[in-house]
Amino acid sequence: MEVQKPIVVSGIQPSGDLHLGNYLGAIRHWVKLQNEFPCFFFIADYHSLTEPFDPAKKEGQTLTIAAELMALGIDPQRCTLFVQSHVPEVTELCWILNTVTPFAFLERMTQFKDKAARQKANVNAGLFDYPVLQAADVLLYHGSLVPVGGDQIQHVELTRDLARFFNKRFGDYFPEPKPLLTEAPKLMSLTDPEKKMSKSDPGGMLALTDEPQIILQKLKRAVTDTAPEKKERSPGVSNLFLLLEHFGTSDDKLRFGREHREGTIRYSDLKTLLAERLAEHFAEFRVRRAELLRSPQKLQTILAGGAEKARTVAKATMAQVRKRIGLLVA
């Protein structure tokens, strides 16, 4: 009997252009995973509502991130790519999972505390319940692998807990998903390398859409050491070498590694080279993205097809869930 491959589920919010941190931390891994496993990749528009947003921009942001994902190599023929809100069963499952979720489990979620601290004027119930919706995102498709960085492990553990609580009460049904830890380098802000690169800090962020001259301007402002002869790398210098590791050639790495050890490094040269390498690496992406965005109707058709595939699975899941919890069939 053929052993079924684990199902991978992951999502990304439509809240502005993708940046290098998104690419290194998630999307490049998605591109590989779609060739190895059945994958459900969704644009998490419901999740994005928990943060301050402009309704007039939401639709455009959703289509833009769909175009960017495809331009980076996500292939709707190899995976299921869809918009979260186009599969309404996810909110029904979220509500049902809420009824087996201990309140205290949500109180201890560290990401809620971090986000609440950042948006003190809008600490909404959705922000608090965010991890349960994440659990529904995964369990709805019987996901058993969730690609995450270290800061998301707590949410996957909660998903495992909720699957176990549901199974114990209503009979074995949901798999207990495992985190698929990605080799995700923690890319820091160019201007404040003590903080993670983020869309909330445009000056310290390298967007994948940045034109070559913009990349160079941002890198020129990147924080480095004041004394190049220092042997220990400062956070800013480590950040630049992280970029070099992923986008430089073997010769580039040898050259600047040697110059740093010898104390002869010129950071202006390193920044110029990194700007060139990044511009080269994402040149095709920028062209492909522009092509896709010129055909919004085609993007919508692709996403509708993905939602149809996802809903086939979601409807079957919810039929079983409703039966197990004893709801009256309509």
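Residues are numbered from 1 along each chain as its sequence is written, and side-chain values use heavy atoms, with hydrogens and water left out. Because the model is predicted, local features need pLDDT of at least 70 and side-chain atom pairs count only at pLDDT 80 or more, while totals for chains, interfaces and linings use all residues.

Start with the rings. Select F103 and F128: their ring centres are 5.1 Å apart and their planes stand at 40 degrees, so the pair is tilted (planes under 30 degrees apart count as stacked, over 60 as edge-to-face, the rest as tilted). F103 is in helix α5 (residues 103-107) and F128 in helix α7, so the pair ties together parts 25 residues apart in sequence. Helices are DSSP runs of H or I with at least four residues, and strands are runs of E with at least two, numbered from the N terminus. F103 is exposed at 56% relative accessible area, whereas F128 is buried at 17% (buried is under 20%, exposed over 50%, partly exposed in between, with a 1.4 Å probe and protein chains only).

Next, select F166 and F170. Their centres are 4.9 Å apart with planes at 50 degrees, so this pair is tilted. Both residues are buried.

Then select Y23, F247, F282 and F285, which form one aromatic cluster.

Finally, go to H142, in the loop between α7 (125-139) and β4 (145-148). H142 is partly exposed, at 22% relative accessibility.

Key:
Rings of Phe, Tyr and Trp (its six-membered ring) pair if their centres lie within 6.5 Å; planes under 30 degrees apart count as stacked, over 60 as edge-to-face and the rest as tilted.
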